[in-house]
Amino acid sequence: MANFSTHFSVAAGVALMGSTTYFSIHAVTAEEAAILCVAGTLGGILPDVDSDYSRPLQIVFTGLYMVFVFSLLRGLPRLSILDTWLMLGGLYVLFRHALLPAFRKWTVHRGIFHSILAALFFGLLASSLLFWLYGFEPGFSWLTGVFVFVGYIAHLLLDEFYSVDFDNKRLKSSWGTAFKLANAGNWRNTFLFLLGTVCAYQLTPPAHDLSEFVLNKKHYEAMWQKFLPEYLPF
Ligand SMILES: [Zn+2]
């Protein structure tokens, strides 16, 4: 399987190429392009949260902890500094000693998190969160979800690629455990993710905005026209 730095580098590279392309045709601002870049990179490391002591798990849980803290603070503007620090400590204990061990116990490496269903779930979840929680435009929210999805799929494909032993011309035992539709060995988790995906889809911006922005023919024509430098003679 590919290691963290390979996944991180590939996802960041793909996300950078994609986000700068959208920026070049003026479909997104520089700030939005940076968000797309982070979203694609995050999608590329997200599947390995199912590995108990992996860096993605630490990064994602730390990120969730911070998002939770700031979401609470938005609703408690009069809280003193000391109370805020006490709250930080309490939440840290909750995340570190209750939620994280429970999550580790629930997940199995190369289980449901390594599946196309999970990629779809996190892509739709990202679109919904950006739209409802952070108030971004519907089209941009959809595009961010697509970046998470593409980064996630890139991770699964990379895992499969590393399952091929090119020297001995054989497939390793890990072949087929990453790029799969769902987890046939655990129908309960598959059902949970399916349910989560349907719920996340219900919360996404109107589907009309997906076709208006992400599937917009004019964007692809503009990319094609702007692909080659103007100084070339053809
Ligand atoms: Zn993986």
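Visitor: Does Asp159 count as buried or exposed, and at what relative accessibility?

Guide: Buried means under 20% relative accessible area, exposed over 50% and partly exposed in between, with a 1.4 Å probe and protein chains only. Asp159 has 0% relative accessibility and therefore counts as buried. This is a predicted model, in which local features need pLDDT of at least 70 and side-chain atom pairs count only at pLDDT 80 or more, while totals for chains, interfaces and linings use all residues. Residues are numbered from 1 along each chain as its sequence is written, and side-chain values use heavy atoms, with hydrogens and water left out.

Visitor: Which residues coordinate the zinc ion?

Guide: Donors are N, O and S atoms within 2.8 Å of the metal (3.2 Å for Na, K and Ca), and water is not among the atoms, so sites may look incomplete. Here the zinc ion is held by Asp48 (OD), His114 (NE2), His155 (NE2) and Asp159 (OD), at 2.1 to 2.3 Å, and the spacing of these donor residues in sequence is D-x65-H-x40-H-x3-D. Among them, His114 in the loop between α4 (81–106) and α5 (116–132) and Asp159 in helix α6 (residues 138–161) link distant parts of the chain, 45 residues apart; helices are DSSP runs (H or I, at least four residues), numbered from the N terminus.

Visitor: Which salt bridge does Asp159 form?

Guide: Side chains of opposite charge can pair when their charged atoms come close. The criterion is a side-chain nitrogen of Lys or Arg within 4 Å of a carboxyl oxygen of Asp or Glu, and a search of the whole structure finds one such salt bridge. Its partners are Arg110 and Asp159, at 3.8 Å from N to O. Arg110 lies in the loop between α4 and α5 and Asp159 in helix α6, so the pair ties together parts 49 residues apart in sequence. Arg110 counts as buried because its relative accessibility is 12%.

How values were computed: Helices (H or I, at least four residues) and strands (E, at least two) are DSSP runs, numbered from the N terminus.
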